[in-house]
Protein chains: 2
Amino acid sequence: MINVAIVEDDSDIRQVLCDFLNAEEGFSCQTAVESVEQFLEELDPDNLPTVVFMDIGLPGMSGIDGIRLVKQRHPSVEIVMLTVYHDSQKIFNSLCAGASGYLLKNTPLEEIRTGLESLMSGGAPMSPQIARKVITHFSGNQPRKTTPLTPKEQEIVVGLVDGLSYKMIADRMNISVETVRFHIKNIYQKLHVHSKAEVISKSLRGEI
Amino acid sequence: MINVAIVEDDSDIRQVLCDFLNAEEGFSCQTAVESVEQFLEELDPDNLPTVVFMDIGLPGMSGIDGIRLVKQRHPSVEIVMLTVYHDSQKIFNSLCAGASGYLLKNTPLEEIRTGLESLMSGGAPMSPQIARKVITHFSGNQPRKTTPLTPKEQEIVVGLVDGLSYKMIADRMNISVETVRFHIKNIYQKLHVHSKAEVISKSLRGEI
DNA sequence: TTTTAAACCCCATTTTTATGGGGGATGGCA
DNA sequence: TGCCATCCCCCATAAAAATGGGGTTTAAAA
């Protein structure tokens, strides 16, 4: 019996999928919650689900962060993304975080079931659209990132990522702290962020 | 009408697949050859196939080298691997060379047809076993770190990575800002860092 | 030539972080 | 039972960061 959990904020989808799985031979869905927080709270360590279907856009913590947390605590639990998002960044973040599959929400229930079966036999469920993105990533046809940042601004971003303070960046670049401030103000405007933290995240996620 | 070519040295498989496609509505297979050399020789530039099913183990040039040659001369032609090989090296070499899909030879004819359809609608056919290897490639190169952080501390790290301030983290977790402070102090001690920036960097680099 | 983008510098103010303390409350384990 | 880890909360202070403004210079573009 394959024990499936669902983390999904749309109650309709949650219910339909849960009912479907419970009706299918060999599947059982006892957990269907709307957030990662709720999932972790209700989790019974003595009765872990085999597979978790995870959405990305959730109230509170995102599903991608959810993967990290769940896999960290229970590495044996398989996590399959089930979401509407199909942009490369979310896909790769999910896979790197430890997802074992990636299905789009328009996947028919029947294919979700066969996906689960292939997962159990050492495969990975993946929507063709997603597979395409992944393949494109390999063949290097990735659209080049055109960063709007100037060379100096990029250098400062590197400093931020290295965990340096304004003063340390100033010393490293042989400019005044005031100039560092100036550049950072402009960086924030260009990237539409309001803190070092966001710049560092964007940078390390390849969004700059 | 989707024009399919087959490059495959096993004449049985070649014939079965060719016949199947010709019998299917909307598909046509006029070219079924046993080597890349033969394929290139018989190729009519005015009547290019839409898709080529390519084996890897072939007399003469390998199918992977074949991808490169074909894509170089006719970039618009889609190439789908159809082979028994499932080792990571051949998979990645194929995808990097420009393959648009990767199916194992045990794939039922019916699924080969749906694979072609998803290819035509912007997807990529990929056997679950292959998808698994590809996914493992993403998540696999991350050595499992045994984090010294407690669950709550991990949750706070997630908040920091999301670019939240102490107050926002407190709200999300329904605890006091002072408690957030308390946890962060402990996190810094455990990780030997002295700023949010360093925590975020470590986290996104998988060092936590 | 005027304009524009990029780099440089300074000042002032408010908010947020970092760091040091001080308490409690659990719940598991020796 | 006391110990330990984990979690919860409060205080105070110094440092750093975020945001607004004000400028100059230079080199390339219009």
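Mentor: In this predicted model, chain B holds an open sheet of five strands, ordered S2-S1-S3-S4-S5 and paired in parallel. Strand S2 (27-33) and strand S5 (101-104) of chain B stand at the edges and have a single partner strand each, so one side of each is left without a neighbour in the sheet. From one strand to the next, the twist averages 25 degrees. Where S5(B) meets strand S4 (residues 78-83) of chain B, the two pair in the parallel sense over four bridges, and among the residues involved, B:Met81 has B:Tyr102 in S5(B) as its bridge partner. Against this sheet packs helix H1 (residues 11-23) of chain B, which touches strand S1 (2-7), S2, strand S3 (51-54) and S4 of chain B, and whose direction makes about 160 degrees with that of S2(B).

Turning to DNA strand C, 17 residues surround it, the closest being A:Thr150, A:Ser176, B:Tyr166, B:Tyr188 and B:Lys196. By class, the surface near DNA strand C has five nonpolar, seven polar and five charged residues, and H9(A) gives the most to that surface, with four residues. Of the atoms of DNA strand C within 4 Å of the protein, 61% belong to sugar or phosphate, while the rest belong to bases. As for phosphate oxygens of DNA strand C, one lies 3.3 Å from a backbone N or O atom of A:Lys152, one is 3.0 Å from a side-chain N or O atom of A:Thr179, and a polar side-chain atom of A:His183 lies 3.3 Å from a phosphate oxygen as well.

Notes:
Residues are numbered from 1 along each chain as its sequence is written. Chains are lettered from A and ligands numbered from 1 in the order in which they are written. This is a predicted model: local features need pLDDT of at least 70, side-chain atom pairs count only at pLDDT 80 or more; totals for chains, interfaces and linings use all residues. Side-chain values use heavy atoms; hydrogens and water are left out. Two strands pair if DSSP finds at least two bridges between them. Axes are lines fitted to C-alpha atoms, for helices over the stretch in contact, and angles run from 0 to 180 degrees between N-to-C directions. Contact means heavy atoms within 4.5 Å. A residue is near a molecule or strand if one of its heavy atoms lies within 4 Å of it. A polar contact is a pair of N or O atoms within 3.5 Å; within protein, one must be able to donate a hydrogen and the other to accept it, and residues adjacent in sequence count only if both atoms are side-chain atoms. Ala, Val, Leu, Ile, Met, Phe, Trp, Tyr, Cys and Pro count as nonpolar, Asp, Glu, Lys and Arg as charged, and the others, Gly among them, as polar.
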